[in-house]
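Here are my notes for you to read with the model open beside them. Take the points one at a time and find each piece on screen as you go.

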Amino acid sequence: MAVNPVFVATWRFGMDAARAGWSRLAQGATALDAIEVAGNLTEEDPTVNSVGYGGLPNAAGQVELDAAIMNGVGHWAGSVGGLQRTRKPISVARRVYEKTPHTMLVGENARQFALRQGFPEANLLTPESEERYHEWLKTQAGADVAHFDLGPTNSQPPKALTPDDHDTIGLCALDANGDLAVGCTTSGMAWKVPGRVGDSPIIGSGLYVDNEVGGAAGTGHGDEMMKACVSFRVVMNMERGMTPTEACVEALRYLMRKRPPEAHDHYGAALIALRKDGLYGGAATYSGFRHPDRLWQWAVATSAEPVLHEGVYVTLDRNLDTLE
Ligand code: SD4
């Protein structure tokens, strides 16, 4: 029996991805293909400065991309970390699982793999992202930014997010066959320490899907989120019978419970989830994403025109649907 397709994407700019993904699903595309198309759309948009071409660089001025794709059918996953000078990283991630016996490739060797697969070498900096990098450099007072550690160490509270730090696109799709796929693609945190890989390409952290249960994807402070395998937890919560929203809320609370309060007062973490039956949901930490410049919004398409959702905002003991 044909299922009504659903496409869910993180953030307001995910509206375009949701529209493109859903339209593919409506034409009969698989969830996996719809995820790739929607991911590419965002990666190729130079105005989105946190994903793909036009993404903000690391402290050394290099754009390092993280991306992953996971197919519910066959439980396949492919992923790339720290990929430089290559456009469409989610497509490279798909090639990793389609063309190699492996799941994740990183750094220069991931780039060499992409070249061999026919992805041309590309400059990922736009004039705008380069200018913003030079503006940021001026604030660093001549430090050797390519070699120093930025901000507090792991044993201290995480650095509060700035608007530059967020906006990974996380994607969940349910196709007309009732199959699921998920994706995640990002340039990661702006001005990160060179070589840093975030949660987005880590299966179970940035994304996870179980074709019998549902899928999930995350955005926010990856160094926090990967400590709790949040996407895996969301899917396991749904398997135990929670709704997608309840599953996201519980996973965020788990992360907050595990980390000291001074840590979770500072970070933003947000999750989307899509269940096998088409029910969807999302949630974010109130402390990180309550700022008017950084509202937790996510796009859902169940028909040609997606709808923008906001919230649920979560503290350790309360759910707050919208800003107070
Ligand atoms: C990272 N999770 O690299 C990404 C960044 C992000 O919203 O999603 N920010 O940590």
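1. Let's start with a pair of helices. Helix α2 (residues 31-43) packs against helix α3 (residues 89-99) at an angle of about 145°, and their axes are 8 Å apart. Keep in mind that this is a predicted model.

2. Which residues of α2 and α3 meet? On the α2 side, look for Leu32, Asp33, Ile35, Glu36, Gly39, Asn40 and Glu43. On the α3 side they meet Pro89, Ile90, Ser91, Arg94 and Tyr97.

3. Next, a sheet. There are 8 strands here, in the order β4-β3-β2-β6-β5-β1-β11-β12, and they form an open sheet with mixed pairing. At the edges you'll find β4 (104-106) and β12 (307-310), each pairing on one side only. If we ignore direction, neighbouring strands of this sheet are turned by 10° against each other on average.

4. β1 (residues 6-10) and β11 (residues 297-301) are antiparallel and pair over 4 bridges. To find your place, look for Val8, which stands opposite Val300 in β11.

5. Now see what lies against these strands. Helix α1 (residues 14-26) lies across β1, β5 (169-174), β11 and β12, and runs at about 160° to β1.

6. There's another sheet to look at: 6 strands in the order β7-β8-β9-β10-β13-β14, open and with mixed pairing. Its edge strands are β7 (207-210) and β14 (319-320). Within it, β9 (residues 269-275) and β10 (residues 280-285) run antiparallel and are joined by 5 bridges. One spot to check is Ile272, whose bridge partner in β10 is Gly282.

7. Helix α7 (residues 230-239) touches β7, β8 (214-220) and β9, and its direction makes about 145° with that of β8. Helix α8 (residues 244-258) touches β9, β10, β13 (313-314) and β14, at about 25° to the direction of β10.

8. Finally, the ligand. How many residues are around it? There are 12, and Thr168, Arg196, Asp199, Thr219 and Gly220 come nearest. A polar side-chain atom of Arg196 is 2.6 Å from a ligand oxygen, while an N or O atom in the side chain of Asp199 lies 2.7 Å from a ligand nitrogen. The protein covers 100% of the 280 Å² of accessible area that the ligand has on its own.

How values were computed: Residues numbered from 1 in each chain as written. Predicted model: local features only at pLDDT ≥ 70, side-chain atom pairs only at ≥ 80, totals over all residues. Heavy atoms only, no water. Pairing = 2+ DSSP bridges. Helix = DSSP H or I, 4+ residues; strand = E, 2+ residues; numbered from the N terminus. Contact = heavy atoms within 4.5 Å. Axes fitted to C-alpha atoms, helices over the stretch in contact; angles between N-to-C directions. Near = heavy atom within 4 Å. Polar contact = N/O pair within 3.5 Å; in protein donor to acceptor, adjacent residues only side chain to side chain. Areas by Shrake-Rupley, 256 points an atom, 1.4 Å probe, with all protein chains shown as cover.
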